[in-house]
Amino acid sequence: MNEMTRTKLTADEWDEINFPRPEENEFDRVVERALSRRGFLGGVLAFGSGALAMRAGLLSSTAALAEEPSRFAFQPIPAATDNTVHVPEGYTWKRLVSWGDPLFPGVAELDQESGGSADDADKVFGENTDGMESFLVDGRQVIAVNHEYTNNEVNLPQAEGGVPRDAGDVLKLQNLQGVAVFEIEEGPDGWTVVTDSPLNRRLTHNSPMKLSGPAAGHDLMKTEADPSGTESLGTFNNCGSGKTPWGTYLTCEENFNGYFGATEEPQLDETVAAGYERYGIAAEGWGYDYHKWDARFDTSKHPNEPHRAGWIVEIDPSDPGSTPVKRTALGRFKHENAAATLAPDGRVVVYMGDDERGEFIYRFVSSAPYVPGADTSRLLDEGQLYVARFNDDLTGEWVALTPEAIGMSDAEIAIFSRMAASRVGATTMDRPEWVAVSPVAIEAYCALTNNKNRGVKTNAGGDEQPVGGPNPREANEYGQIVRWRPMNDDHAADGFEWDLYVMAGNPTVHDDDYAGSKNINEGNLFNSPDGMAIDSTGIVWIQTDGDDSNEEDFAGHGNNQMLAGDPVSGRIERFLTGPKGSEVTGICWSADRKTMFVGIQHPDAPFPDGEGKLPRSSIIAIKRDDNAPVG
Ligand code: FEO
Ligand code: CA
Ligand code: CA
């Protein structure tokens, strides 16, 4: 979701209040230390040559990078402020599918007056496309994709202010979210959805799910409808995604708290109340109003229901009859995505960010190794959850969240992972969004999107958010990308070294830390990195969800966008611009790598149908005109 990071102050007022500038700040010190370790991560430190050099201005930084030859096969494009998508010359984009498009035979096309019926809403491509992955199932090209939240005024155009009028409106919203799995095929006119494929499937806020792992069956998971605490309904606020080595889809439940509300003051015991506080579950909810029409979401009646959301859910795209499984061993928090890889001994490693100001980066390591062809059903149930601690000396460690270390049971650590992580002094981060693991180097990246509270106030658990380490800017409105390389080239090792791949900023407005790192220049301005994936050639694709006002501190940034980054030289170039108001999020490739699929979420403009039509979140397919691979 778009998080505004500024108030209505002028740029100068904002600057003065939020950016006090001591002679030497933590950013200078971190940069200096990083420079003294040049040689780490392949010999090139991609971020600044020191804050002082940044203050020397834009020319010195762009001149240095211009000497590095570009690895990119495209000519970068300018920032845009219009209502459509742009890609470089030699590439073409086409719409694949938009909110409201039928995924099954016999379903009506979107009715622009009503925004579609509640009954059809679970048979169409849902709202707000987000994380997605592609799969090849018996030679069929399949996409699994998240539908994160709803834009009520767009989806309920006949309800005043988008406020649900009845249980039917609520059901429609519930049905438009969740996950879609569907087959696509490429014809002479491009890619289309195969509506009669047996693999097509929609999962919604009411679809049956299993709970597995340490929290399954715990008293905190039990409800009137499910006294076993092992069977829940629905997957919620599905944000980023992941893919396991055995070909299943991981969907990540992020801002699940917003769906719950209370019609009366809930009577909560101390533990549950503390969890509500830390996870932001409040009586008023976030405007979905489910609790007024569907008692399951009324916490005064069903206080444990929120414990059954906030998980990573594993879905088998090859078996539309399978029941998705909520893997509680991977912790409960506002899951952004799940970046899975293998340690040298075959154990499964999953990196995960918790996207809220001052929350943490986590890692799960399975107990057993992945063996191709063997049973994978317990791999994400048995293992150890860790949280990251970043040291200012550019080292860090994964701290195991164990009952011995924390004084909570395994089930409690799973359900209240945030509190467990706070107890071991995890590093509060600038809103961890996607983690991406490189397929060509043993390193991982995490987009830290922005954090207006850095150096200003504590996180929701009372943990300090000091300026420093990988979060070196107070009231960080631009964001940065941190990367780490595990010790011994082993993603299961407990130690790592880190650096900052890029600090976003604006060197046309600022000449200090807020100018950004050396690899930021007038030609590639962006803020709020969010979606991220590294392609088969090692290029980092960075998607943004930030301030697209194109004014003041964000002058020249234009609409949200997607950029390509070279991890070795540090070079970053703009590849795509989205329509006004949209967020660019979700990326995957066809099996032959000749098509890149990208998600365009919540456009303001009537994209892609044009004037007078509803704005529709869409997946687009991008190809090179010479049909060469695109990643
Ligand atoms: Fe759904 Fe943190 O983005
Ligand atoms: Ca996101
Ligand atoms: Ca975001």
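The model is predicted: local features require pLDDT of at least 70 and side-chain atom pairs count only at pLDDT 80 or more, whereas totals for chains, interfaces and linings use all residues. Residues are numbered from 1 along each chain as its sequence is written, chains are lettered from A and ligands numbered from 1 in the order in which they are written, and side-chain values use heavy atoms, with hydrogens and water left out.

**Calcium sites**

Donors are N, O and S atoms within 2.8 Å of the metal, or 3.2 Å for Na, K and Ca; water is not among the atoms, so sites may look incomplete. The table sets out the protein donors of the two ions.

| Ion | Protein donors | Distance from the ion | Spacing in sequence |
|---|---|---|---|
| calcium ion (ligand 2) | Glu336 (OE), Glu433 (OE), Asp530 (OD) and Asp530 (OD) | 2.3 to 2.9 Å | E-x96-E-x96-D |
| calcium ion (ligand 3) | Glu433 (OE), Asp530 (OD) and Asp545 (OD) | 2.3 to 2.4 Å | E-x96-D-x14-D |

Glu433 bridges the calcium ion (ligand 2) and the calcium ion (ligand 3), and the two ions lie 4.0 Å apart. Glu336 lies in the loop between β12 (325–327) and β13, and Asp530 in strand β22, so this pair ties together parts that are 194 residues apart in sequence. Strands, here and below, are DSSP runs (E, at least two residues), numbered from the N terminus.

At the calcium ion (ligand 3), Asp530 in β22 (residues 529–534) is joined by Asp545, which lies in the loop between β23 (540–544) and β24 (561–565); the pair therefore ties together parts that are 15 residues apart in sequence. Burial means under 20% relative accessible area, calculated with a 1.4 Å probe on protein chains only. Glu336 is buried at 1% relative accessibility, Asp530 is buried at 2%, and Asp545 is buried with a relative accessible area of 3%.

**The largest pocket**

A pocket is an open set of points on a 1 Å grid over the protein atoms alone, where a 1.4 Å probe fits and protein lies on both sides within 12 Å along at least five of seven lines; lining residues have an atom within 4 Å of a point. The largest pocket holds about 710 Å³ of space, a volume being the space filled by probe spheres set on the points. Its lining comprises 31 residues, and Glu133, Lys243, Ala340, Val437 and Ile534 lie nearest the centre. At least two lining residues come from each of β2 (129–137), β9 (238–243), β13 (339–342), β18 (432–437), β22 and β26 (583–589).

**Strand pairing**

Two strands pair if DSSP finds at least two bridges between them. Strands β24 and β25 pair in the antiparallel sense over five bridges, and Leu563 stands opposite Arg574 in β25. Their hairpin has six residues between the strands, and Gly570 takes a positive phi near 90 degrees there. In β25 (residues 572–577), six of the six residues are buried.

A separate description concerns an open, antiparallel sheet of four strands in the order β1-β28-β27-β26. Its edge strands, β1 (91–98) and β26, each pair on one side only. Within this sheet, six bridges join β27 (residues 595–601) to β28 (residues 618–624) in antiparallel fashion, and Gly599 has Ile619 in β28 as its bridge partner.

Methods. Buried < 20%, exposed > 50% of the residue type's maximum accessible area, 1.4 Å probe, protein only.
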